[in-house]
Each structure stands twice: as structure tokens, then as C-alpha cells.
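Grab a pencil and work through these exercises with the structure open beside you. Try each task before you read its solution.

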Amino acid sequence: QVQLLESGGGLVQAGGSLRLSCAVSGRTLNSYAVGWFRLASGQERDCVAAISRTGGTLYYADSVKGRFTISRDNAKNTVYLQMNSLKPEDTAVYYCAARGTDYYSSSYYYNRAEEYDYWGQGTHVTVSS
């Protein structure tokens, strides 16, 4: 059973930065593609960034391109989301999700919630204006 634990959320002023971490336990991270999603009040859960099992293929939502960076450290079983130039509209609960992939899908990313099997409990990010 894979377990995901997010950390790094908090309150930050607009223009500031946060780095979210997603620690994976139960299995080694290198068999999983990972995505970061966010759920804001009154909105649907959207993927903001995703990374393939190999780390060589990345996805970013248009709203975060140039500001957010997803990365993974398989040795530490951790995926990161570096968030810079934060805006009030980035306020949300951020979740990481993992999907087991085989060798033939190792370069794919996934950006739909229904494509993921495992979810963390979320971490709150609040950006004040």
C-alpha cells in the first residue's frame, strides 16, 4: 500500500514562495508517476503539475507555467513542487497523487485525477494580497 504525505503549505504574501513536499512510503517512488493537484473553494480539483516515472516528462497547467516547478528525488522517495511568484488565486488545498506505471509507460505524465490510484491528505496554501 502506497502512502503519500504532503508538507510545506502555509500562509505567504503575494509574490512569495513555498516548496511543497510529497513523501512516499510503502513502495519505492521510482515505479510511480506523480501529480500535484489543487482544490480551491467552489472549484474543481485541477492538476497543476505532473511528472513521469522517469522524471523526464513534465506537465504544467497554463496558470502556473513559469512559476511552479515539479521535481522528484527517487533516492529520498519524495516529489517536490516549488512555487514562486505566488498569487492570491493560488490559494487552495494542494494534493499529491501517485500512479503505478510499467516500463512502457515510464515517460508518460498524467494530469487527470481519475488516472491516479493514491492520494495524500492535502496541505493548505494561503496567499494573501
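**Exercise 1. Is Gly35 buried or exposed, and what does Gly35 touch?**

Step 1: Start with the cut-offs: buried means under 20% relative accessible area, exposed means over 50%, and partly exposed is in between (1.4 Å probe, protein chains only). Gly35 has a relative accessible area of 0%, so Gly35 is buried.

Step 2: Before going on, know what you're looking at: this is a predicted model, where local features need pLDDT of at least 70, side-chain atom pairs count only at pLDDT 80 or more, and totals for chains, interfaces and linings use all residues. Residues are numbered from 1 along each chain as its sequence is written, and side-chain values use heavy atoms, with hydrogens and water left out.

Step 3: Now list the contacts (heavy atoms within 4.5 Å). Leaving out residues up to four places away in sequence, Gly35 touches Ala49, Ala50, Tyr95, Cys96, Ala97 and Tyr116.

Step 4: Gly35 and Arg99 are 64 residues apart along the chain, and 8.6 Å separates their C-alpha atoms.

**Exercise 2. Find the strand that holds Gly35, then look at how β4 pairs with β9.**

Step 1: Gly35 lies in strand β4. Here, helices (H or I, at least four residues) and strands (E, at least two) are DSSP runs, numbered from the N terminus.

Step 2: Two strands pair if DSSP finds at least two bridges between them. Strand β4 (residues 32-39) and β9 run antiparallel and are joined by 8 bridges. Within this pair, Gly35 stands opposite Ala97 in β9.

Step 3: Follow β9 to its other partners. With strand β11 (residues 123-128), β9 pairs in the antiparallel sense over 3 bridges, and Tyr94 stands opposite Thr123 there. Strand β10 (residues 118-119) is also antiparallel to β9, with 2 bridges; in that pair, Ala97 stands opposite Trp119.

Step 4: Why is β9 largely enclosed by the rest of the structure? Count along residues 92-100: 7 of the 9 residues of β9 are buried, so the strand is largely enclosed.

**Exercise 3. Work out the strand order of the open sheet with 4 strands.**

Step 1: Reading across, the order is β1-β3-β8-β7, and the pairing is antiparallel.

Step 2: Look at the edges. β1 (3-7) and β7 (68-73) each have a single partner strand, so one side of each is left without a neighbour in the sheet. From one strand to the next, the twist averages 15° (axes are lines fitted to C-alpha atoms, for helices over the stretch in contact, and angles run from 0 to 180 degrees between N-to-C directions).

Step 3: Check the bridges. Strand β3 (residues 18-25) and strand β8 (residues 78-83) are joined by 6, with Leu18 opposite Met83. β7 and β8 are joined by 6 bridges as well, and Phe68 stands opposite Met83.

Step 4: Phe68, Ile70 and Arg72 make up the covered face, while Thr69, Ser71 and Asp73 make up the uncovered one.

Step 5: Finish at the hairpin of β7 and β8, with 4 residues between the strands: Asn77 takes a positive phi near 55°.
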